[in-house]
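Welcome! Keep the view open as you read.

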Amino acid sequence: MSFLQHLDELRWRLVRISIAVILFATIIWIFQEWIMNHIFLSMRDKNFVSFRVLCKFLGVCVEDTTVKMQSMTVSGQFNYAMMMSIMGGLIVSSPFIFYQLWAFVKPGLKKNEISATKGMVFYISLCFLTGVLFGYFVVAPLTVQFFGSFQISQEIENNFTVGSYVGTVISTVFYSGLLFLLPIISYILTKIGLITPVYLRKIRKYAVVVILLAAAVITPSPDWMSQLIVFLPLFALYELSILVAARVTKQRVKEDEEEWS
């Protein structure tokens, strides 16, 4: 294919992605009130599923937050609904987006490279959506609970703008999804020779410190249990990345031995 043909192929891939995002965004727009009440605002309630699980099994119980929601601009609620719909459309259609991007890249790979990356779309989608679920059920509720109940003085009420609230939840969920792509990134970097499992094991102690800091930032709640709940999956992701890198390195050594023999 010529350069212009590649551009045309990319254009049609982007068109398909846009159609998928708009389709899901439209569905979310139609049910925006239900989604806002039951998916976003429900995090303020102590009966939110994550809080009930924490209270029942770990003894970490919370109370309802007294946060009041408000819109400060004329077009505020419309803009927030648009943001919620578009970001929701991106997240829901993410497997299709990953597939379209992979389908564009795949023809340029060699047979052994295609074989080595078999199931890539599935694993990327699985990691990203798992991270999204982790962000929604763990990180976002703990963040909302902490900032909703924190008061520097009893004379000051927490009246959040809808944009700040929705933006915090969406960004937390989306970035958690990206964070869970760490094993995929490890696979790619090992494949191109930038990192090795030996190097990842060598810097493990530094990674633990970074992950602890990340858990403290992601979960502003001061109690150690909440931070531990966030730390453990992140550390597990790092260990999984080491295993992925080790498998890639082992496969590369095997291929080199077969080539020389």
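Predicted model: local features only at pLDDT ≥ 70, side-chain atom pairs only at ≥ 80, totals over all residues.

How exposed are the partners? Asp-8 is partly exposed, with a relative accessibility of 34%, and Arg-11 is also partly exposed, at 43%.

Another salt bridge joins Arg-13 to Glu-9, and here the closest N and O atoms are 2.9 Å apart. Both residues belong to helix α1, where they are 4 residues apart, about one turn of the helix. Glu-9 is partly exposed, with 26% relative accessibility. Arg-13, in contrast, counts as buried, because its value of 15% falls under the 20% cut-off.

## A closer look at Arg-13

What does Arg-13 touch, once residues up to four places away in sequence are set aside? Its contacts are then Gln-100, Ala-103 and Phe-104.

Besides the two pairs already described, Glu-239 and Arg-204 meet through their side chains, at 2.8 Å from N to O. Glu-239 is found in helix α12 (residues 224–260) and Arg-204 in helix α11 (residues 204–218), so this pair ties together parts that lie 35 residues apart in sequence.

Both partners are partly exposed: Glu-239 has a relative accessibility of 23%, and Arg-204 has one of 28%.

## The disulfide and the cysteines

Now for the sulfur atoms. Searching the whole structure turns up 1 disulfide. Which residues form the disulfide? The partners are Cys-55 and Cys-61, and their sulfur atoms are 1.9 Å apart. The torsion about the S-S bond of this pair is about 75 degrees, so the disulfide is right-handed.

Are these cysteines buried or exposed? Cys-55 is partly exposed, with a relative accessible area of 32%, and Cys-61 is partly exposed too, with 47%. Cys-127, on the other hand, counts as buried, because its relative accessibility of 16% is under 20%.

## Where helices α3 and α7 cross

Helix α3 spans residues 49–58 and helix α7 spans residues 120–149. How do the axes of α3 and α7 cross? They come within 9 Å of each other and cross at roughly 90 degrees. The two helices are therefore roughly perpendicular.

On the α3 side, Val-49, Ser-50, Phe-51 and Leu-54 make the contact, and on the α7 side the residues are Phe-137, Val-138, Pro-141, Leu-142 and Gln-145. Sorted by class, this contact has 7 nonpolar and 2 polar residues, with no charged ones.

Methods: Residues numbered from 1 in each chain as written. Heavy atoms only, no water. Axes fitted to C-alpha atoms, helices over the stretch in contact; angles between N-to-C directions. Parallel < 35°, antiparallel > 145°, perpendicular 65-115°, else oblique. Contact = heavy atoms within 4.5 Å. Nonpolar A, V, L, I, M, F, W, Y, C, P; charged D, E, K, R; others polar. Disulfide = S-S within 2.5 Å. Buried < 20%, exposed > 50% of the residue type's maximum accessible area, 1.4 Å probe, protein only. Salt bridge = Lys/Arg side-chain N within 4 Å of Asp/Glu carboxyl O.
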